[in-house]
Amino acid sequence: MSKKRKVCSIVIFSVILVALLAGIFIIGIPGPKEESIQEVMKDAVLHESIKIDLFGLMQVNPAVISAFVVTGIFIVFALIVRIFVIPKFTIVPGKFQMVLETAVSIFSNMAKSNSPHKNGFIGAYAFAAGAYIFVGTLFELIGIQAVSVSGLSVSLPAPLADINGAIAMGVLTYSVILVGGIIHNGFRGFINGIKEFSLPISMSFRLFGALLSGALVTELVYYTMMLSFVLPVIVGVLFTLIHALIQAYVLTTLATVFYGEVTEPPKKKEKKIKKSKKNNKTQVEA
């Protein structure tokens with residue numbers, strides 16, 4: 001049976017491949033494109049030509065609508081879980097409870113290992129930021145359509161694919177680190193946080209660059225007619241999944257590591273304890 005299944009799968013794959021190649025050659029050379037590749041790349045980066053009307057108040061980038069939608073999904077999901085699911089948690093967890101507990105424990109353990117002194121709030125923030133980056137990046141795979149001001153149909157991108165969204169996430173993360181240092185270590189924590197003044201810039205451009213690279217590669221593949229049948233789907237899904245996992249992990253790791261540095265208690269107390277122990281030993285010997 002296994003050999004027959006393998007043969008059948010190979011035959012089916014070969015038939016699909018032949019059909020795709022036949023479709024490519026039947027269509028032939030594509031006609032003239034309305035936009036040049038430079039215009040496509042510029043619009044993917046700056047989002048200047050495609051705007052969406054926000055409740056008649058202003059014209060915004062499509063990524064702003066994506067951010068509102070993703071945030072709304074999280075709020076509704078959190079309310080449903082808190083009201084209807086968490087009260088029914090049991091000692092022996094079910095599948096959904098196990099998934100939630102595993103996700104929470106991953107970020108909680110990350111916070112405890114990277115910020116051993118103060119890790120309560122940063123663990124919760126790491127979970128929220130990681131979930132937002134992961135779900136927000138996968139959001140573009142849904143392909144929700146919106147109508148632009150010019151009447152064109154637009155597929156909503158990932159919220160962090162816009163430079164403004166990436167900067168907001170980087171600044172928010174840096175603010176959490178800086179405020180945490182001030183609360184737990186006062187002026188010393190403030191100085192340690194100010195030393196990392198380039199952190200929001202590096203975080204912002206790391207997020208934006210990683211997500212944008214996948215979008216640009218997919219746009220390039222779509223722009224070439226000979227490659228625009230099945231390959232864009234594979235490339236888009238793979239790049240999106242990889243970026244969602246990597247960027248969520250990188251930002252949460254950096255946030256917990258730097259938070260641990262700015263909230264680390266001063267080492268003067270340890271020196272005083274060591275000196276007192278030495279004095280006690282000398283008194284006992286005397």
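Student: Which residues in α6 meet which residues in α7?

Tutor: On the α6 side they are Y174, L178, G181, I182 and N185, and in α7 they are F187, R188, G189, F190, G193 and I194. "Meet" here is contact, meaning heavy atoms within 4.5 Å. Before we go on: this is a predicted model, where local features need pLDDT of at least 70, side-chain atom pairs count only at pLDDT 80 or more, and totals for chains, interfaces and linings use all residues. Numbering starts from 1 along each chain as its sequence is written, and side-chain values use heavy atoms, with hydrogens and water left out.

Student: Why are α6 and α7 called roughly antiparallel?

Tutor: Helix α7 (residues 187-195) packs on α6 at about 155 degrees, with the axes 6 Å apart. The axes are lines fitted to C-alpha atoms, for helices over the stretch in contact, and the angle, from 0 to 180 degrees, is between N-to-C directions. Angles under 35 degrees are roughly parallel, over 145 roughly antiparallel, 65 to 115 roughly perpendicular, and the rest oblique. The angle of about 155 degrees is over the 145 cut-off, so α6 and α7 are roughly antiparallel.

Student: What makes α5 roughly parallel or antiparallel to α6?

Tutor: Helix α5 (residues 120-138) and helix α6 (residues 163-185) pack at about 175 degrees, their axes 11 Å apart. That angle makes the two roughly antiparallel. From α5, F121, I122, Y125, A129, Y132 and I133 meet M169, L172, T173 and V176 of α6. By class, this contact has nine nonpolar residues, one polar and no charged ones.

Student: How do you know whether G180 is buried or exposed?

Tutor: Its relative accessibility is 4%. Buried means under 20% relative accessible area, exposed over 50%, and partly exposed in between, with a 1.4 Å probe and protein chains only. At 4%, G180 is therefore buried. G180 lies in helix α6 and touches Y259 and T263, leaving aside residues up to four places away in sequence. The C-alpha atoms of G180 and Y259 are 7.0 Å apart, although 79 residues separate the two along the chain.

Student: And what about Q247: buried or exposed?

Tutor: Q247 has a relative accessible area of 7%, so it counts as buried. Q247 sits in helix α9 (residues 231-262). Beyond residues up to four places away in sequence, Q247 touches I133, R206, L207 and A210.

Student: Where is V154, and what makes V154 buried or exposed?

Tutor: V154 is in strand β4, and at 9% relative accessibility V154 counts as buried. A strand here is a DSSP run of E, at least two residues, while a helix is a run of H or I, at least four, with numbering from the N terminus. Among the residues V154 touches are I50, P62 and I144. The C-alpha atoms of V154 and I144 are separated by 8.2 Å.

Student: Why is the pair F77 and F96 called what it is?

Tutor: Rings of Phe, Tyr and Trp (its six-membered ring) pair if their centres lie within 6.5 Å; planes under 30 degrees apart are stacked, over 60 edge-to-face, and the rest tilted. That rule gives four aromatic pairs. For F77 and F96, the ring centres are 6.4 Å apart and the planes at 80 degrees, so this pair is edge-to-face. F77 is in helix α3 (residues 62-85) and F96 in helix α4, so the pair ties together parts 19 residues apart in sequence. F77, at 41% relative accessibility, is partly exposed, and F96, at 40%, is too.

Student: Which residues of α3 are buried, and what covers them?

Tutor: P62, A63, I65, S66, A67, V70 and V81 are buried. Their cover includes β1 (52-54), β2 (58-60), α4, α5 and β4 (153-155).

Technical notes: Nonpolar A, V, L, I, M, F, W, Y, C, P; charged D, E, K, R; others polar.
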